[in-house]
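Please keep the sequence and the model in view while reading.

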Amino acid sequence: GVFPVLHCMQEIPCNPCMTCCPKDLIGTLGHPIMGLPEFHGECVGCEKCVAVCPGLAVTLVDFRKSGETALVTVPFELGEWHLESGSEVTVTGWEGSVLGRAVITGWKKAAGFPYTTLLKLETPADIACRVAGVRIQEPEDIAPLSEPLEVPLPDDAIVCRCERVSAGDIRRHLRSGVRDMNHLKAITRAGFGACGGKTCTSLIERICREEGIPAGEVTAFTDRPLFAETELGWFKGADDE
Ligand code: SF4
Ligand code: SF4
């Protein structure tokens with residue numbers, strides 16, 4: 001048959017799934033709004049409960065087509081730009097664990113929910129009821145790079161936004177032999193601004209790397225913290241004066 005699976009685990013003040021069903025098949029045995037939803041009865045597969053759930057916690061499982069696979073409707077709100085009908089995706093449970101692979105058979109918008117796509121997946125029957133989502137990026141696609149990827153900053157890139165100092169200004173002085181960031185600060189004013197060098201420090205270090213200057217050759221900015229630890233005796237001395 002066809003029925004919704006309510007991957008709803010937290011007692012929160014929410015009940016649209018209970019009020020939207022045209023057959024009144026979703027209710028709760030607990031508190032009318034805080035209780036966890038429960039499904040009973042003959043579902044007609046209208047998909048309203050899938051589309052309405054703000055937590056994307058409802059899927060619809062349809063076993064009517066084949067015994068070995070099921071059609072699972074999953075709510076999806078990340079746009080359709082990378083979905084491809086007929087392609088395989090990794091499917092996950094409600095807590096993100098990998099369950100296996102499924103084939104995208106199509107998708108559609110539910111009436112009245114322009115931002116929610118109802119994604120149709122053909123999954124092995126034994127995992128269908130646990131499928132709650134799809135992986136949109138495989139781990140190898142998001143693994144950290146073995147080496148940092150640094151594209152040289154263009155000369156007109158702003159390095160110090162407070163004082164409007166460009167990468168070209170910094171590069172020119174580094175090429176003329178300046179190796180002390182305090183010296184750079186005095187010449188260009190980079191680092192003098194209200195932010196206290198929060199942005200420019202790392203960008204100047206980056207330009208040094210781009211220029212092939214070893215880190216050990218560059219003198220860092222002198223720290224000028226907004227707060228300084230002060231012994232109480234100092235205040236006593238101040239009073240005495
Ligand atoms: S799919 Fe439609 S009929 Fe079935 S439980 Fe959800 S809202 Fe009710
Ligand atoms: S609408 Fe979704 S989050 Fe709210 S109670 Fe129903 S299943 Fe849970």
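How many bridges join strand 6 to strand 9? Two bridges join strand 6 (residues 88–92) to strand 9, and these strands run antiparallel.

## Basis of the description

This is a predicted model, in which local features need pLDDT of at least 70 and side-chain atom pairs count only at pLDDT 80 or more, whereas totals for chains, interfaces and linings use all residues. Residues are numbered from 1 along each chain as its sequence is written, chains are lettered from A and ligands numbered from 1 in the order in which they are written, and side-chain values use heavy atoms, with hydrogens and water left out.

The chain is divided into domain 1 (2–136) and domain 2 (144–241), with bounds that come from an automatic or database domain assignment. The C-alpha centres of domain 1 and domain 2 lie 52 Å apart.

## The open sheet

Seven strands form an open sheet in the order 1-4-5-8-7-6-9, with antiparallel pairing; helices (H or I, at least four residues) and strands (E, at least two) are DSSP runs numbered from the N terminus, and two strands pair if DSSP finds at least two bridges between them. Strand 1 and strand 9 (133–134) are the edge strands, each pairing on one side only.

Strand 4 (residues 58–62) is mostly covered, since five of its five residues are buried, where buried means under 20% relative accessible area, exposed over 50%, and partly exposed in between (1.4 Å probe, protein chains only). Val-58, Leu-60 and Asp-62 point one way from strand 4, while Thr-59 and Val-61 point the other way.

Strand 1 (residues 2–6) pairs with strand 4 in the antiparallel sense over five bridges, and Thr-59 of strand 4 is the bridge partner of Val-5. Strand 4 is also joined to strand 5 (residues 69–76) by three bridges, again antiparallel, and here Leu-71 in strand 5 is the bridge partner of Asp-62. A hairpin of six residues connects strand 4 to strand 5.

## Helix 5 and its surroundings

In helix 5 (residues 181–188), the buried residues are Met-181, Leu-184, Lys-185 and Thr-188. Seen down the axis of helix 5, these residues fall within an arc of 100°, so they line one face of the helix; the arc is that of the directions from the helix axis to the C-beta atoms. The buried residues of helix 5 pack against strand 11 (165–166), helix 4 (167–175) and helix 6 (200–210).

At the start of helix 5, a side-chain oxygen of Asp-180 reaches to within 2.7 Å of the backbone nitrogen of Asn-182. Helix 5 is followed by Arg-189, whose phi is positive, near 80°.

## Nonpolar cores

A nonpolar core is a set of buried Ala, Val, Leu, Ile, Met, Phe, Trp, Tyr and Cys residues joined through side-chain atoms within 4.5 Å. The largest nonpolar core has 20 residues, and those touching the most other members include Leu-153, Leu-184 and Ile-204. Strand 10 (158–160), helix 4, helix 5 and helix 6 each supply at least two residues of this core, and helix 6 gives the most, with five residues. A second, separate core of 19 residues includes Val-2, Cys-20, Cys-49 and Ala-110.

Helix 6 also holds Glu-205, which is partly exposed, with a relative accessible area of 37%.

Technical notes: Contact means heavy atoms within 4.5 Å. A polar contact is a pair of N or O atoms within 3.5 Å; within protein, one must be able to donate a hydrogen and the other to accept it, and residues adjacent in sequence count only if both atoms are side-chain atoms.
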